[in-house]
Amino acid sequence: MTLPNIAGNDRCADCGLEGPTYASYNLGILVCESCAGIHRTLGSHISRVKSLKLDKWDDDNMQVMSKLGNKIVNEKYEQNVPPSYRRPLPKDPHVLREQWIRAKYERQEFTGSSQIQYLRGQKEGYLWKRGKDDKHFQRRRFVLDATENTLKYFNKEEARDPKATLRLDGLNVTVVPEKVGNPNAMQLMFEQDGQPRNLFVYADSGQDLVEWYTAIRSAKLNRLAIAYPGTTVEELCQMVTRDFQKEGWLGKTGPRPGDAFRKRWVSLDKRTLMYYEDPMDAFPKGQVYIGSKGFEVVEGFSPGYKDSGFGFILKTPERSFQFSSDSEYDQKEWIRVINDIIRGTSAP
């Protein structure tokens, strides 16, 4: 079968994974197994999926596929993708990949010339927000206003004054379904009283989540374009929002050898390591700035510390921080990512 040799067919049409093994034979594209599963949920009136290796192909199917291919089809369905819209990669959360595919083929959001409604700088609606103290999710009204540089939320339906007003230029937003335990969840992070503050929200649908996520990204991108007039759109997009370089459970001990290791959720955000008692705590229990000069990360445990799993030490000019992971692989991944931050080679 020569379909993989057609322009663009060496990668999945939707997430870019190399070596796609499935096809949407009525659309004329090759996709990976994961994206093929999403295509099957669109319905046969939109996308019809076959395996390149396991299914039989007739001449009509082959004729459609041979005339099209990923490059040609994406030129149609992606002709007006907004710069602020996040094109998903293979390992991105399922909701980002699913809504990208639905936006392309089901809603065909990127084929017209008119501006998408949720990218007009203003958005109002409801999200389920986790309480800082009671830990329960409550339905709250959120209002985004790009001209005011704000995202506000209200505790009561009839309230005129917001419970809180977040500045967009100091706000980061990350899609975190596994952390929250909901497929349509986001983490909003900003600075409050000199330390990171986290809000956790989820939407009633994947579409609503991605529209909020993209609306915030779009508003931030427009403000960055004004602040940095000589910067390319591609460079500005790297500054809009960011994912954590790495997150997960680690054991952490105090500064004295006799201190016990305690389980902590650890997040790496740019050059800051934050640790929490619970992944959804509003504030970190502590944070460590990771610089370049005088910083080092090494395997093992400091002298006098009891071995506990697979250890590593983050050395700073002020003190050393001792961590332990449950596996050698995880230990080496933490060391690799922290080393990249120290050397300044970490992805934005």
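Predicted model: local features only at pLDDT ≥ 70, side-chain atom pairs only at ≥ 80, totals over all residues.
Strand 17 (residues 320-325) is largely enclosed by the rest of the structure, because 5 of its 6 residues are buried. Two partners of strand 17 can be described in turn. Strand 16 (residues 310-315) runs antiparallel to strand 17 and is joined to it by 6 bridges. Within this pair, Leu-314 is placed opposite Phe-321 of strand 17. The link between strand 16 and strand 17 is a hairpin of 4 residues. Strand 11 (residues 246-252) is also antiparallel to strand 17, with 2 bridges between them. Here Gly-251 faces Ser-324 of strand 17.

The wider setting may now be given. The protein chain contains 8 helices and 17 strands. Its C-alpha trace extends over about 75 × 55 × 45 Å along the principal axes. Of the 348 residues in the protein chain, 52% are buried. Among contacts between residues at least 6 apart in sequence, 50% link residues that are at least 24 apart.

Strands of a sheet pair through backbone hydrogen bonds, in either a parallel or an antiparallel manner. Strand 1 (residues 22-24) and strand 2 run antiparallel and are connected by 3 bridges. One of the residue pairs between them is formed by Ser-24 and its bridge partner Ile-29 in strand 2.

Another open sheet has 7 strands, arranged in the order 7-6-5-4-10-9-8 with antiparallel pairing. At its edges lie strand 7 (164-167) and strand 8 (172-175), each of which pairs on one side only. Neighbouring strands in this sheet are turned against each other by 35° on average, when direction is ignored. Within the sheet, strand 9 (residues 185-192) and strand 10 (residues 195-202) are antiparallel and share 8 bridges. Ala-185 is found opposite Tyr-202 of strand 10. Helix 6 packs on this sheet, where it touches strand 4 (122-130), strand 5 (137-145), strand 6 (150-154), strand 8 and strand 9. The direction of helix 6 makes about 120° with that of strand 4.

Two packed helices are described by the angle between their axes and by the distance between the axes. For helix 4 (residues 94-106) and helix 6 (residues 206-227), the axes come within 9 Å and cross at roughly 95°. Helix 4 is therefore roughly perpendicular to helix 6. On the side of helix 4, the contact is made by Val-95, Leu-96 and Gln-99. Helix 6 contributes Gly-206, Gln-207, Leu-209, Val-210 and Tyr-213. Sorted by class, the contact of helix 4 with helix 6 comprises 5 nonpolar and 3 polar residues, with no charged residues.

Helix 6 also holds Glu-211. Is this residue buried or exposed? Glu-211 has a relative accessibility of 16%, and because buried means under 20%, Glu-211 counts as buried. When residues up to four places away in sequence are set aside, Glu-211 touches Tyr-118 and Lys-123.

Helix 7 (residues 233-240) provides a further view of burial, for Leu-236, Cys-237 and Val-240 are buried in it. These residues cover an arc of only 105° around the axis, so they lie on the same side of helix 7. Helix 6 is included in what covers the buried residues of helix 7.

Two loop residues remain to be described. Lys-135 lies in the loop between strand 4 and strand 5. Its phi is near 70°, a positive value in a residue other than glycine. Lys-135 is partly exposed, with a relative accessible area of 37%. Lys-270 lies in the loop that runs between strand 12 (262-269) and strand 13 (272-276). The phi of Lys-270 is near 55°, again a positive value in a residue other than glycine.

Technical notes. Residues numbered from 1 in each chain as written. Heavy atoms only, no water. Axes fitted to C-alpha atoms, helices over the stretch in contact; angles between N-to-C directions. Parallel < 35°, antiparallel > 145°, perpendicular 65-115°, else oblique. Contact = heavy atoms within 4.5 Å. Nonpolar A, V, L, I, M, F, W, Y, C, P; charged D, E, K, R; others polar. Buried < 20%, exposed > 50% of the residue type's maximum accessible area, 1.4 Å probe, protein only. Arc of directions from axis to C-beta. Pairing = 2+ DSSP bridges.
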